[in-house]
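Trainee: I am new to this structure. Could we go through it by question and answer?

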Amino acid sequence: MSDTREEPGVLYLRFRKVGGGLPDGAGYAGLLALLGAFTPVVEGVPPDGALADVRGALRYFGQDVAGLAAVIRVRALALHGVDCAIGAAENPMLARMAARQAAPGTTFVVPAGGGAEYLAAKPAVALDGVGAATARTLCGYGLDSVGRIAAAPLGTLQRITGVRTGRELWERARGIDRTTVVPNAAARSIAAERSFPRDELDRERQRRALMSLTEELGARMRGDGQVCRGLTVSVRYADRTGYSTLTRSRTLREPTAHSAALTGLAYRIHDSFGLQRARVRGIGLRADELTDREKAAHQLSFDPMDERARRIEAVADRLRARFGPQAVMPGRLAA
């Protein structure tokens with residue numbers, strides 16, 4: 001076996017129940033506890049993922065990273081009826097990207113020190129944190145692949161995208177990620193999911209499901225005095241191989257828990273999938289990077305309609321707290 005000091009030590013796991021679908025809340029908690037038996041450095045990424053720093057576990061169990069991932073997968077399948085697609089790399093960003101490439105029941109390993117080579121041929125939009133708008137801007141300057149972004153001078157990227165974003169792009173394109181796995185960080189995000197009884201082709205019904213999710217998460221955040229900085233939408237749809245899941249994240253213009261703002265962004269993410277004819281079985285929504293409302297900056301609005309909507313929302317929250325979550329809902333959901 002190779003020297004474990006050279007092994008990539010971060011895993012990103014995507015969970016799927018055997019037969020399809022995401023684990024429920026209790027099942028997800030059980031999977032995080034399972035990972036906790038291997039390493040204390042586990043970060044939940046609900047509703048269907050987790051990060052784990054297993055560098056210490058590699059030495060303890062005497063396994064390479066692929067072998068340890070196989071042990072985790074067997075236990076998840078035996079104890080929880082859940083299969084895992086696992087990405088392994090030297091940092092969280094590369095592990096997340098590797099997990100997207102891993103088929104259920106497999107592990108995709110990015111060798112330590114091989115991040116830049118792994119990324120080079122990928123399109124710009126595949127780079128973690130690069131959305132469609134940023135990718136279009138980069139492509140307009142001929143930076144249409146991660147390798148070309150990595151080869152561009154730092155100053156050029158900063159002039160195109162801004163000082164901070166340019167620095168992050170420059171580092172990520174080289175496989176550098178300064179984030180770490182933060183234990184017990186599941187509270188940094190909240191998530192919910194809606195499943196359809198059959199494959200759903202009606203785009204309007206899909207949008208209603210999204211609106212119900214933004215209403216639910218918005219109310220939960222407002223009740224806890226929190227706001228989020230971004231949203232992640234996951235769509236599970238039928239394809240030739242059975243079912244696949246597309247996931248995409250976007251950042252809000254400012255941190256918020258305002259349902260209308262969450263709904264607008266969720267709709268834009270949904271539109272970006274281009275799934276007009278897809279048979280959708282389920283939609284998930286995650287509110288990312290939660291923070292205390294009092295610590296977040298809020299841009300004052302002079303739009304009377306926006307202020308009126310926020311006052312109505314506050315009254316609706318008080319009514320729901322007193323009479324239950326179904327006491328007040330948008331007319332579009334009540335129809």
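This is a predicted model: local features need pLDDT of at least 70, side-chain atom pairs count only at pLDDT 80 or more; totals for chains, interfaces and linings use all residues.

Trainee: Which strands are the edge strands of the open sheet of five strands?
Mentor: The strand order is β2-β3-β1-β4-β5, with mixed pairing. An edge strand pairs on one side only. The edge strands are β2 (42-45) and β5 (107-109).

Trainee: Which residue of β5 does Ala 88 stand opposite?
Mentor: Strand β4 covers residues 82-89 and pairs with β5 in the parallel sense, over three bridges. In β5, the residue opposite Ala 88 is Val 109.

Trainee: Which strands does helix α3 touch where it packs on the sheet?
Mentor: Helix α1 (residues 25-36) also packs on this sheet, touching β1 (10-17), β2, β3 (49-53) and β4. Helix α3 spans residues 65-80, and its direction makes about 160° with that of β4. The strands touched by α3 are β1, β4 and β5.

Trainee: How many residues of the contact of α10 with α11 are charged?
Mentor: The contact includes Arg 203 and Glu 215 of α10, and Asp 271 of α11. Its residues divide into six nonpolar and six polar, and the charged ones number five.

Terms used:
Residues are numbered from 1 along each chain as its sequence is written. Side-chain values use heavy atoms; hydrogens and water are left out. Contact means heavy atoms within 4.5 Å. Helices (H or I, at least four residues) and strands (E, at least two) are DSSP runs, numbered from the N terminus. Ala, Val, Leu, Ile, Met, Phe, Trp, Tyr, Cys and Pro count as nonpolar, Asp, Glu, Lys and Arg as charged, and the others, Gly among them, as polar. Two strands pair if DSSP finds at least two bridges between them. Axes are lines fitted to C-alpha atoms, for helices over the stretch in contact, and angles run from 0 to 180 degrees between N-to-C directions.
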